[in-house]
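Please read them with the structure displayed.

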Amino acid sequence: MITTRYVREHIDEINESMKKRHSDYPVAELLDLDEKSRKISTELQELRAKRNTGSLEVAQAKKQNKVVDDSKVAELSQIKKGIEEKEEELLKYQGRIDYLLMNMPNVLHDSVPYGKDSGENTEIKKWGTPRRKTSQNHVDILKKLNLLDLETAAKVSGARFYYLKGDLALLEQALIRFAIDVMISKGYTLISPPFMLKKKYYEGATALGDFEEALYKVSEPKEAQGAQNLEKIEDELFLISTSEHPMAALVAENVFSTRDLPIKYVGISPCFRREAGAHGKDTKGIFRVHQFYKVEQFVVTGQEESWDMFEEMIKNSEDIFQKLGLHYRIVNICTGDIGIVAAKKYDLEVYMPSSGEYREMVSCSNCTDWQSLRLDIKYDEKGKRTYAHTLNSTVSAIERLMVAIVENYSNDDGTITVPDALVPYMGKNRIG
RNA sequence: GCUGGGAUCGCCUAGUGGUAGGGCGGCAGCCUGCUAAGCUGUUUGGCUAGAAAUGGCCUUCCCGAGUUCGAUUCUCGGUCCCAGCGCCA
């Protein structure tokens with residue numbers, strides 16, 4: 001569990017990290033609340049200790065068939081009142097402390113570049129060359145081939161939804177299976193997770209304080225209330241925004257043995273995102289949508305091994321793009337752009353010929369013990385329990401990846417070449 | 001959704017209105033030459049004293065509420081698991 005004690009023990013690195021992040025996270029308030037609540041907690045413990053010894057005296061007297069003194073019982077009654085008062089007082093602080101702890105940004109790794117926003121992320125690697133320098137927009141290419149219908153999707157579901165048709169829908173399946181097969185060959189275990197999660201587990205997997213806005217919540221329709229043949233939706237359920245979250249929940253509240261680590265999962269699921277605040281950005285096409293498939297790596301390691309694993313995972317993701325022959329670069333995300341959960345993050349960005357820009361396709365994060373402190377993921381090392389490290393990285397964000405393939409592999413005659421790696425999955429080498 | 005049974009440490013399991021016990025596994029140590037066993041200790045989380053070695057206390061029997069001086073035990077409400085019925089792509 002994430003505790004104020006953990007904060008006190010790591011206070012110097014936390015403060016330093018907040019500064020680098022340009023974060024306005026109220027560390028001072030948290031420490032102040034913690035001190036107050038610890039004081040009350042101590043008083044409460046003393047009262048409870050008194051009650052326990054008093055109760056014991058009563059018990060022993062009864063055992064020996066002695067008469068129990070009325071004044072003794074009255075005194076214990078008073079103590080009980082005092083306990084209740086202190087408990088109430090403690091509760092006042094606890095809610096705010098819990099919220100602050102759950103949403104506290106992770107301590108950054110030293111190799112994270114300093115910077116205030118995405119403009120200061122640093123490029124650390126480039127691979128390959130663009131198959132073509134310029135191209136039409138993916139929407140135009142796909143519409144001419146009658147493979148994409150955004151208008152009807154907008155009519156029946158709203159903006160940022162889509163219908164894929166024919167070979168494009170097939171390409172979606174091909175990419176999913178291709179990505180899964182590559183990861184299985186690397187020794188990852190395939191996971192098909194639940195697409196809805198309870199709030200408790202969502203809070204532990206990501207900083208809901210900021211993220212909740214981007215999630216879809218599932219609730220009981222008014223029409224269904226009281227229906228006899230339907231299951232009630234008691235808890236708040238959230239549609240997952242990535243399979244990382246249910247995979248993190250899968251290992252939650254576990255103590256692993258060192259020989260079980262690392263645990264390597266590859267998840268496949270649809271992802272649902274409200275994309276709040278994205279108005280005006282990428283409004284055309286299927287680059288930024290409310291629903292998309294994603295193949296994702298999720299790994300649990302010991303504390304010593306996570307940085308090697310981090311490098312392994314970005315290489316896994318790169319392997320997909322190399323096999324697909326897509327020109328990309330790797331970016332080390334800077335302190336001001338990294339988000340709350342990760343201690344270090346690489347993005348893989350693919351060259352898009354329609355705009356000449358590199359666009360994000362993969363996000364690879366070492367979350368160190370942020371998730372494991374909140375989801376209670378530990379391992380047993382020589383009898384000592386230690387919080388594990390968790391990592392995640394995109395393998396393939398399918399809809400986005402399709403945009404990259406369609407543009408990079410488009411031909412001047414309006415057709416699209418199928419990348420060699422996908423031909424066995426498509427059963428053809430050309431679309432259109 | 002209905003009826004019945006259940007939930008106790010990493011796993012298995014006893015127990016009762018009055019300090020939660022045992023086995024397995026793990027860890028530390030002891031003993032021992034022999035394919036492995038035996039013995040001892042330890043194995044929820046937190047607060048606090050101390051430089052440390054250690055100590056004091058609280059908490060923990062699925063969750064929440066209630067009764068009680070005291071609840072793992074009794075009452076009520078829920079969650080999940082198992083069996084059966086119902087419903088269902």
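Predicted model: local features only at pLDDT ≥ 70, side-chain atom pairs only at ≥ 80, totals over all residues.

1. The pairing between S6 and strand S7 (residues 237-239) is antiparallel and extends over two bridges. Within this arrangement, Lys217 stands opposite Phe238 in S7.

2. RNA strand B is surrounded by 30 residues, and the closest are Arg5, Ala49, Ser55, Ala59 and Gly383. Two or more residues of the surface near RNA strand B come from each of helix H1 (4-9), helix H3 (27-63) and helix H4 (70-102). The most is given by H3, which supplies twelve residues to that surface.

3. What is the division of the residues of the surface near RNA strand B into nonpolar, polar and charged? Twelve are charged, eleven are polar and seven are nonpolar.

4. Eleven of the eleven residues of H13 are buried, so the helix is largely enclosed by the rest of the structure. The criterion behind this reasoning is that a buried residue has 20 or more other C-beta atoms within 10 Å of its own. Among the buried residues of H13 are the charged residues Glu399, Arg400 and Glu407, and the buried residues also include Ile398, Leu401, Met402 and Val403. Ala404, Ile405, Val406 and Asn408 are likewise buried.

Technical notes:
Residues numbered from 1 in each chain as written. Chains lettered and ligands numbered in written order. Buried ≥ 20, exposed ≤ 12 C-beta atoms within 10 Å, placed from the backbone. Helix = DSSP H or I, 4+ residues; strand = E, 2+ residues; numbered from the N terminus. Near = placed C-beta within 6 Å. Pairing = 2+ DSSP bridges.
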